[in-house]
Amino acid sequence: MASKKLLEMLNEAIARELQVSIQYMWQHVRIAGPHAAAIGPIFRSIAITEMKHAEAIAERVDYLGGVPTTKPAPITVGEEWQEMLRLDLKAEEEAIAMYKEIIALAEKEGDITTAHMFRSILEDEEEHHNEFGTLLQEAGAEAAERPKRRAARARARARR
Ligand SMILES: [Fe+2]
Ligand SMILES: [Fe+2]
């Protein structure tokens with residue numbers, strides 16, 4: 001049977017999954033500006049994956065004799081898209097660290113199924129981490145190009 005500690009960590013994982021599923025979905029709703037069309041649907045699709053993680057972990061807690069929490073960890077939507085991506089990058093980093101701990105503890109307790117489930121979830125979180133990081137870099141690089149292009153146009157005008 002799962003230890004109290006493992007059940008507590010699983011419920012903490014559910015709280016995080018509920019948090020990010022709402023956080024990312026609301027970012028999809030609230031993102032504005034030139035990157036909204038590109039980034040918005042990614043927030044939405046990852047939000048749905050996170051809710052599926054919450055469901056899978058809740059099923060596991062129920063099977064192990066615990067009661068799955070309904071309370072999300074604190075949600076931080078952010079205002080502009082860079083801030084949103086930075087918040088999400090951090091959330092994924094924290095999830096990755098925590099899920100590695102869950103895998104180690106589940107293995108120690110001989111709970112192969114929980115360890116296996118979190119390996120698969122961990123793979124998704126690393127993908128999300130990579131996706132948010134890439135978006136932040138790409139959009140950031142493009143934004144950095146804009147003043148340079150403006151300066152080049154100003155120089156061209158000055159020469160006329
Ligand atoms: Fe997740
Ligand atoms: Fe994630």
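A residue is called buried if 20 or more other C-beta atoms lie within 10 Å of its own, exposed if 12 or fewer do, and partly exposed in between, with C-beta atoms placed from the backbone. By this rule Met117 is buried, because 21 other C-beta atoms lie within 10 Å. This is a predicted model, in which local features need pLDDT of at least 70 and side-chain atom pairs count only at pLDDT 80 or more, while totals for chains, interfaces and linings use all residues. Residues are numbered from 1 along each chain as its sequence is written, and chains are lettered from A and ligands numbered from 1 in the order in which they are written.

**Overall build**

- The protein has four helices and zero strands, where helices (H or I, at least four residues) and strands (E, at least two) are DSSP runs numbered from the N terminus.
- Along the sequence the pattern reads α-α-α-α.
- The radius of gyration of the protein is 20 Å, whereas a compact globule of 160 residues would have one near 15 Å; the value is taken over C-alpha atoms, and the globule rule is 2.2 Å times the number of residues to the power 0.38.
- Along the principal axes, the C-alpha atoms fill a box of roughly 80 × 25 × 20 Å.
- Buried residues make up 29% of the 160 residues.
- Of the contacts with a separation of 6 or more, 76% join residues 24 or more positions apart; two residues are in contact if their C-beta atoms, placed from the backbone, lie within 7 Å.

**The nonpolar core**

- A nonpolar core is a set of buried Ala, Val, Leu, Ile, Met, Phe, Trp, Tyr and Cys residues joined through C-beta atoms within 7 Å.
- The largest such core has 30 residues, and those with the most contacts inside it are Leu10, Ala13, Ile14, Ile57, Tyr99, Ile102 and Phe118.
- Two or more residues of this core come from each of helix H1 (4-30), helix H2 (36-63), helix H3 (81-108) and helix H4 (112-159).
- In soluble globular proteins, nonpolar side chains tend to be buried together.
- Tyr99 touches Ala13, Phe118, Ile121, Leu122 and Glu125, leaving out residues up to four places away in sequence.

**Helix H2**

- The 28 residues of H2 should span 40 Å at 1.5 Å a residue, and its end C-alpha atoms are 40 Å apart, which agrees; the expected span is 1.5 Å times one less than the number of residues.
- The buried residues of H2 include Ile39, Phe43, Glu50, His53, Ile57 and Arg60.
- Just after H2, Gly65 has a positive phi of about 95°.

**Helix H3**

- H3 also has 28 residues and should span 40 Å, and its end C-alpha atoms are 41 Å apart, which agrees.
- Among the buried residues of H3 are Trp81, Leu85, Asp88, Glu92, Tyr99 and Ile102.
- Lys90 lies in H3 and is partly exposed, because 13 other C-beta atoms lie within 10 Å.
- Ala104, also in H3, is exposed, because 12 other C-beta atoms lie within 10 Å.
- The C-alpha atoms of Ala104 and Arg44, 60 residues apart along the chain, are separated by 31 Å.
- H3 is followed by Gly110, whose phi is positive, near 75°.

**Met117 in helix H4**

- Met117 lies in helix H4.
- Apart from neighbours within four places in sequence, Met117 is in contact with Ala56 and Arg60.
- The C-alpha atoms of Met117 and Ala56 are separated by 8.3 Å, although the two are 61 residues apart along the chain.
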